[in-house]
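This report describes selected features of a protein assembly. The sequence and structure are shown first, and the description follows.

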Protein chains: 4
Amino acid sequence: MNPETTSIPLVPTLDSIVARSTPDHAFATKWAADVLRTAMTEGALDPGTKLSEAALAQQLGISRNTLRQAFTALESEHLMTRVPNRGVFVATPGKKQIHELFTLRLALESGAIDLISAGEKPILRRIIEQSKVHRASGSVSGMAGANQDFHRELVRLSGSERLNTLMVSALAEMRLLFHSMVAVPDFHSPFVEKNEHLMHLLEAGDKYEAHVYLRDYLASSAAYFADRV
Amino acid sequence: MNPETTSIPLVPTLDSIVARSTPDHAFATKWAADVLRTAMTEGALDPGTKLSEAALAQQLGISRNTLRQAFTALESEHLMTRVPNRGVFVATPGKKQIHELFTLRLALESGAIDLISAGEKPILRRIIEQSKVHRASGSVSGMAGANQDFHRELVRLSGSERLNTLMVSALAEMRLLFHSMVAVPDFHSPFVEKNEHLMHLLEAGDKYEAHVYLRDYLASSAAYFADRV
Amino acid sequence: MNPETTSIPLVPTLDSIVARSTPDHAFATKWAADVLRTAMTEGALDPGTKLSEAALAQQLGISRNTLRQAFTALESEHLMTRVPNRGVFVATPGKKQIHELFTLRLALESGAIDLISAGEKPILRRIIEQSKVHRASGSVSGMAGANQDFHRELVRLSGSERLNTLMVSALAEMRLLFHSMVAVPDFHSPFVEKNEHLMHLLEAGDKYEAHVYLRDYLASSAAYFADRV
Amino acid sequence: MNPETTSIPLVPTLDSIVARSTPDHAFATKWAADVLRTAMTEGALDPGTKLSEAALAQQLGISRNTLRQAFTALESEHLMTRVPNRGVFVATPGKKQIHELFTLRLALESGAIDLISAGEKPILRRIIEQSKVHRASGSVSGMAGANQDFHRELVRLSGSERLNTLMVSALAEMRLLFHSMVAVPDFHSPFVEKNEHLMHLLEAGDKYEAHVYLRDYLASSAAYFADRV
DNA sequence: GTGGTCTAGACCACC
DNA sequence: GTGGTCTAGACCACG
């Protein structure tokens, strides 16, 4: 069965995600956070879902304390929302969170642009090519993935560990955003060209134009999401 | 007696910092992190100092586990360095960390500049005035504090919670940096003019110039620190 | 426009008091008690007002159980009156409550005088000065606040935690008293001199005279309130 | 068997105290507080003892929540000490607590003296007579009880409910103090004369002398306890 | 009843 | 021996 025959792939269950990972209790905290992060960004956990500590700890086969440490990590990534004495919930991105997220992305990506020297960027070129292949084959998830790859690599090219760390977290949040709304098949298509244009500006060393272009690009993207929340 | 020996007070001991806070075991983790953060930024703990878990836990009157959570928080703020199976050390900012820190600051402050509208900024003006008072009275710590205030408020003016949170953490790291090197009395003096110039660019709405000016400003500052490490 | 309409600001609403505090439900009981205490002492809740548990719990965004705990605290401070099976009411100080309150104040302040050593009391001097400024500017609330400050600090100077705790609570009740009757602009004026005289007796170490003076002072004050209830 | 044959009477057990009260669960909180207060002041619970919530709730046949409310009341009476996240302990009076307690007693009893009119005080006379009987029969606990009665009635004579309420609580704390140290058989003997002298001063309306005498009286008593802690 | 915090203690791995 | 991780269990606080 071709997974692409449906543009909205069937979401996996939390149990299946647990099953396909190795419950090696040596690093249970990191493992639990990974499982939950995957579950969230793959749509196995709907935004707003309440996560019961006791039940989930038992389901994952870890102690409540360990699970709470995982929650702490996920909360700092804005993937979960903690309401004191009420519980932990899968984040439901609102207009404010979207605005904050894109503000951070703009700062990070602009900061990266500042640091990137002119010249050919093979890795970006490869990702653009990849995008075009996915677009041709109609793979929405492929395009989405390539788009994320592009922006991740853009920041990684800056050589700054901190910017990169923050960007990786921001992109995980983006994935949550994708799953929190109805998928629109051609949403990612225009990004192929936008990314390509941005790449050209970068290679040409035209930082000012790249910055301005990125700002408008992200602003329109943010507006798109904000309108659908 | 050298006036600088009084304007730079003798560093407090860790015990004195513990004593002047209330060791109310209701929020021991946060309390311990605060105590250690204060100790570090006040110079009670020299960079590179190894912190023994067992000894420190007993000194603070908390359990090892709680202390470790405080370490985790401080490590994420780059105030401490964890070496697996070796221990936790007060961070010794090296050239790389300084570079990373200023890279992040540039991204955050530039991102903030993008969001700040033109027009008078009373809070920045007040801080600038404050700086001048401190400079006139020869208060090095006063100038340093006002400089931090200026950049903190600059980012706060953006209205972005995330940029602000990251900036607050970055400035705590800056304080560690100050204490990790010999104080140079007139180090902060030129910042008064630089900040004032930056403020004028902001108020005029000249974002591009502000960005360029900030970049050079931070670059020279980073170089200053990197040369003294 | 009557200057007193401005120097006595319009009483805030309960909602506005709720809004300006951070409803961080981590310590909802304490928070609710604080909000209600503030509302009462600022006049947002008139004496005698019945407080509906259900409605108030919803308005504050907390559960009824939590609200009841706050009521318990406020009742022990004599700021609220509980009538079994009838409900909770904002205390309506009567002659007896006024008499009891001033009896307690006399005991506490006399007890404090016993413990205070002779010698200059800078903090009291500062408060007296403050009173005079407020009197000159015609600020009734300023004078009232300074008067409270004077007596609070008088007890604090004793160094006894228990006397201090009881005094703080008694002064909160005093504020309720102020708001339960029509404001008389020049009510607080004579207190400036009385407090100053008391301070001089204290500084001179004349405890007996101070005690006698305080007794008459509080008796006349109590009579004033009792006559207007 | 004459209970007075031993100057240190056998302490009752908590269970026996529970048994002799009526477990009327209409006011379980108050009942539980009474049981615990009695247990503490009769020596059934040694100072420093940790009170386990779960175990004690079951032993008393009440819910943990109810028990916690009782703890709250007892803590406010300084009979128990709460260490956040550690538990509740029977208070272990230290020098500071003793000093605070006697400071409060002085304030309350002096405040009462201020309010008491001259003239014969039959109730005090009766208590003094009672003391003498106990002293003659060598009943230490009888003397102790009569001493407490004398001071309680002294404050009650003031007619102030608040002073009385605070005094009752202070005397309960005094009983805890008696049980926290080795009994000294003739400790209470001199109080018979002291109380009698104080009574005479009161009846003569000599408030100033009564106040001075009381102050020295309580100071020596406080010193006695403080030295034995 | 559930979440929030801390403590104690176990086990393993590295030095 | 010291750090790294997890578990168990207690108390704290809101619902």
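## Strand pairing in chain D

D:Leu51 has D:Val88 as its bridge partner in S3(D). This pair belongs to the contact between strand S1 (residues 50-51) and strand S3 (residues 87-90) of chain D, two antiparallel strands joined by two bridges. The model is a predicted one. Strand S2 (residues 80-83) of chain D also runs antiparallel to S3(D), to which four bridges join it. Within S3(D), D:Gly87 is the bridge partner of D:Val83.

The hairpin formed by S2(D) and S3(D) has three residues between the strands. D:Asn85 lies in this loop between S2 and S3 of chain D, and its phi is near 65 degrees, a positive value in a residue other than glycine. With a relative accessibility of 68%, D:Asn85 counts as exposed, since the cut-off for that class is over 50%.

## The sheet and its helix in chain A

In chain A, three strands form an open sheet in the order S1-S3-S2, with antiparallel pairing. Strand S1 (50-51) and strand S2 (80-83) of chain A are the edge strands; each has a single partner strand, so one side of each lacks a neighbour in the sheet. S2(A) is joined by four bridges to strand S3 (residues 87-90) of chain A, and the two run antiparallel. In this pairing A:Arg82 stands opposite A:Val88 of S3(A). Strands of a sheet pair through backbone hydrogen bonds, in either a parallel or an antiparallel manner.

Helix H4 (residues 64-76) of chain A lies across S1, S2 and S3 of chain A, and runs at about 115 degrees to S2(A). The UniProt record, an unreviewed entry, places the feature "domain: HTH gntR-type" at residues 26-93 of chain A. Over residues 26-93 the chain is 51% helix and 15% strand, and the end C-alpha atoms are 33 Å apart.

## A positive phi in chain C

C:His78 is found in the loop between helix H5 (64-76) and strand S2 (80-83) of chain C. Its phi is near 65 degrees, which is a positive value in a residue other than glycine. The relative accessibility of C:His78 is 33%, and the residue therefore counts as partly exposed.

## Relation of chains A and B

## B:Ser160 and helix H9 of chain B

B:Ser160 is placed in the loop between helix H8 (140-156) and helix H9 (161-179) of chain B. Its relative accessible area is 4%, so B:Ser160 is buried. Apart from neighbours within four places in sequence, B:Ser160 is in contact with A:Glu100, A:Thr103 and B:Leu115.

H9(B) has 19 residues and reaches 28 Å from its first C-alpha to its last, close to the 27 Å expected at 1.5 Å a residue. The buried residues of H9(B) include B:Arg162, B:Asn164 and B:Glu173, as well as B:Leu163, B:Met167, B:Ala170 and B:Leu171.

Technical notes. Residues numbered from 1 in each chain as written. Chains lettered and ligands numbered in written order. Predicted model: local features only at pLDDT ≥ 70, side-chain atom pairs only at ≥ 80, totals over all residues. Heavy atoms only, no water. Pairing = 2+ DSSP bridges. UniProt positions renumbered as here; feature names shortened; annotations may be inferred. Buried < 20%, exposed > 50% of the residue type's maximum accessible area, 1.4 Å probe, protein only. Contact = heavy atoms within 4.5 Å. Expected span 1.5 Å × (residues − 1). Axes fitted to C-alpha atoms, helices over the stretch in contact; angles between N-to-C directions.
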